[in-house]
Amino acid sequence: MSAPGSTTTKMIMGIIIDTIGRFLVLLPATLLFFSKPAGSTTIRVAPAGHQASISAALAACKDGDTIIVSKGLYKEGNLVIDKSVCLLGEGMPVIDGENKFEVLSVKKSDVTVRGLRIQNSGRSAMSDPGGIKIYDSARVTVEGNELVDNFFGIYIQYGTDCIVRNNLVKASQKEEHQSGNGIHCWKSANLQISGNRISGHRDGIYFEFVTHSVIWRNISENNLRYGLHFMFSNDDSYITNYFRNNGAGVAVMFTKKVVMMNNTFEENWGDSAYGLLLKEISDCFLSGNTFTRNTTGIFFDGSNRITMERNTLKSNGWAMRLQANCMDNKIRRNNFTGNTFDVGTNGFLTLNEFTENYWDKYEGYDLDKDGVGDVPYHPLSLYSIIVEKNPPAMLLFRSFMINLLDKSEKLLPSLTPDNFIDRRPLTKPVRL
Amino acid sequence: MITIRHISKSFGKLKALNNISLQLDPGECIALIGPNGCGKTTLIKSILAMVLPDEGSIFFDGKDIRNDNLYRARIGYMPQIGRYPENMTIGQVIDMVAGIRSSSALPDMELYEEFGISRLLDKRMRTLSGGTTQKVSATLAFMFRPQVLILDEPTAGLDPLAAGILKDKIIKSGQEGCLTLITSHLLSELEDLITQLIFMQDGSLVLHKDVEELKNLTGQDTVAKSVLQLLKSGEIGVEL
Amino acid sequence: MPGILKYIALDILKNKIVIAYTIMLALFSWSAFGLEDNASKGALTVLNIVLLTVPLVSVLFTTIYVYNSNEFIELLVSHPVKRSMIWKSLFAGLSASLVLAYLLGAGIPLVLFTDPGTAAVMLISGSFLSVIFAALAFLAAVLTRDKAKGIGVSIMLWLYFALLFDGLVLFLFFQFSDYPVEKLVVMLSALSPIDLSRILVLLHLDVSAMMGYTGAIFKTYFGSAWGLLMSFCLLLLWIWIPFSLSLRKFIKKDL
């Protein structure tokens, strides 16, 4: 394919577009990654124009060029970006994979994809096709796109320093195996995932072997499995995200040194749904999160040295479940209100520390008015122990006899473990 | 009219009725007497099917009363102590009974008027004195023109005037061919009413005779004296 | 029957206890929905009240009422009325007024605050509980002549269903915790009308997710349309069996 028009026209067009581009289209972030080589050009693709195909434009361009795609519907099979270009949509053009192809494959560093609607990628468990898939690249920015009904939405493998920002990622499959993840990151580092909205995928955001990355201000809801799924991904943080009504909540597994702050975990009701599942993780920090209306707010399984403070746990079935294989966790200054069970555990040995939490079920007194109750609080109710040992006993939930049992155990603790205790329960909620 | 055949009834160890057979005919006015706890009330309740005999059967106009309740439409019953739903008024009780009986015949309002019940219609049953309650019972017993009257201690608790009214009414009903069964402790009261006498003791029937026959037999001129005579002569084992 | 029923209904409706019961249910329910921040929790609180008080009030009030109706019964049996008719009218009158009290007291806030499905299940099961415990009270009242004894029996019945039965179930859970007895226990819990109603209602609330595997089993048995029908048939049996036993006994009773 040949470049369109004569050299003169090309030059003039290039200058005009470049000028407009500099002022209107390019955002500072892009500028950071682009050290534009001299002589870079801008190619315009439009359905009715003389350059009607994106693939042709991609073939014709060179590193540092910009391709602007005008509004329209493009069905061009698999598009491979193997040059460091900037692919921009104008008026949200639609690139359709016809349920057969991976739509956009980025195989070069320093690529920007912005303002495109990418839909209907193929589905295959062998090659995991995605709406946008980034292979072994650095400094790729995916921004302001709409990814609709793709198998995987945005897929990054062996990526570094990539940015995925302000995208809308949604799918509408009903079964887990028919759907890939919204934003899938594998063996990558230094990623920024922020401001995306993900719904209807298997996992909203999936991290496996991803380090030193940040997940910030995303909304992940109504996904089939997890809102966020972390595996073997150390030294990451996720902050101020909103996870709602996902099949099984959020799972952080086999990971170290994760910071989780100011997130909201909400409405994860279901047999094995958790607001947040922590499995085999250690040295993490949880603060300022809100867990509301989950079957289990937060589930600790084989997790050690986690500091959990200043979180709000409200109206959950179990606010938290702390398995006996967890050690040295510090749970302090959290607010537990309106939960059916504040704490559940499967054993009697507890090597974790509860202190200065607010428990709305606390009935002690505070004579010296220092805001700390004078009587310790036992957050583990008798019934929660019974249920843990004997799950069918849940059938007696809300039975009068159970209420009586719990009340009498509160008065004369004899069966609940002695060391499962908050010696300094607060009399007023922690102000957050 | 009422035929009782070999009925027995025990309450635990107590034998309340012991193999009793009786034939009660229309037009008769029968006094049922005997010491306390001799089974009078049990007998009456058996006729009304309030108590179900252990053995034997009772026939009303040749029909076994078991599994039947319509025969009671022809009986007027006045209990010893009338017990009524406390919250109902006299008017409601009368209305309700009338509703149950749903008799097409014109009700007999004689006692109703003579006892002055109409003035008391809004009174609740629990507020009534024993006498007034008895008046209500009596009124109800006669109101639906029964062919059989069963009166358990009818005059107990009534003032003499009311007792007189009731007595007249009993006589009148007898003249109209009504079979009347009365229990009373005061034989003298029944003197001019009764035509037959039944004496019971310890659940057994001791005596069932026409009054005239009884008087002839004992040579006394009143029923009371005749019974006394029998008691003395040892034909009846206990004193009244 | 309508004639008698009318007077019974009139009498009960004038009864202060029924009125107080209605007001109490209303107070509890309205305040439950007022205090809890979401309707589902309000419904749970109301459920607790309903499961505790409805059976208790129904069984006690009915027992006492039946004993106090002795006079009424005596008055009627000397008239041409079938005994079964008297007993049935009394039962119908009492059940109807207890159900009415429940619907007025707890029903209105339930309909206003919860979703139609939950409200319907709670209304139906609460009404069933009222009638079931009235039937049990009839049985208790006809079995013992002595009023105090009868009231004692009905309190024991309530205690058994509200408390002891669950204790027994819990005991069985522990005794047979090594065996897969879930199905058996689910069936067993259907043998107590209070438990059956409680679980039926819980299945309609989002806390049902907490009931785990056993809840899921229960749901497969009793949650479907057929299961619901079966549950209601079971509840109907709970009315029919005690009442027909009491009826048989009453017909043969000496007054």
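Two residues are in contact here if their C-beta atoms, placed from the backbone, lie within 7 Å. What you see is a predicted model.

On that count, two pairs of chains are in contact, and chains A and C share the most contacts. Chain A puts 19 residues against 33 residues of chain C.

Next, chains C and B. Here 18 residues of chain C are in contact with 20 residues of chain B. On the chain C side, helix H1 (2-13) and helix H4 (70-77) are the elements that give two or more residues. H4(C) has the largest share, with five residues. By class, this side of chain C has seven nonpolar, four polar and seven charged residues.

What about chains A and B? They do not touch, and their nearest C-alpha atoms are 36 Å apart.

Now the helix pair, inside chain C. The axes of H3(C), residues 39-68, and H5(C), residues 83-113, come within 11 Å and cross at roughly 165°. Angles over 145 degrees count as roughly antiparallel, so H3(C) is roughly antiparallel to H5(C). The crossing of H3(C) with H5(C) is right-handed.

Residues making this contact include Ala39(C), Gly42(C), Val54(C) and Tyr65(C) from H3(C), and Leu90(C), Leu98(C), Tyr102(C) and Phe113(C) from H5(C). By class, the contact between H3(C) and H5(C) has 13 nonpolar, three polar and no charged residues.

Definitions and conventions
Residues are numbered from 1 along each chain as its sequence is written. Chains are lettered from A and ligands numbered from 1 in the order in which they are written. This is a predicted model: local features need pLDDT of at least 70, side-chain atom pairs count only at pLDDT 80 or more; totals for chains, interfaces and linings use all residues. Axes are lines fitted to C-alpha atoms, for helices over the stretch in contact, and angles run from 0 to 180 degrees between N-to-C directions. Helices (H or I, at least four residues) and strands (E, at least two) are DSSP runs, numbered from the N terminus. Angles under 35 degrees count as roughly parallel, over 145 as roughly antiparallel, 65 to 115 as roughly perpendicular and the rest as oblique. A crossing is left-handed if the near helix is turned anticlockwise from the far one by less than a right angle, and right-handed if clockwise. Ala, Val, Leu, Ile, Met, Phe, Trp, Tyr, Cys and Pro count as nonpolar, Asp, Glu, Lys and Arg as charged, and the others, Gly among them, as polar.
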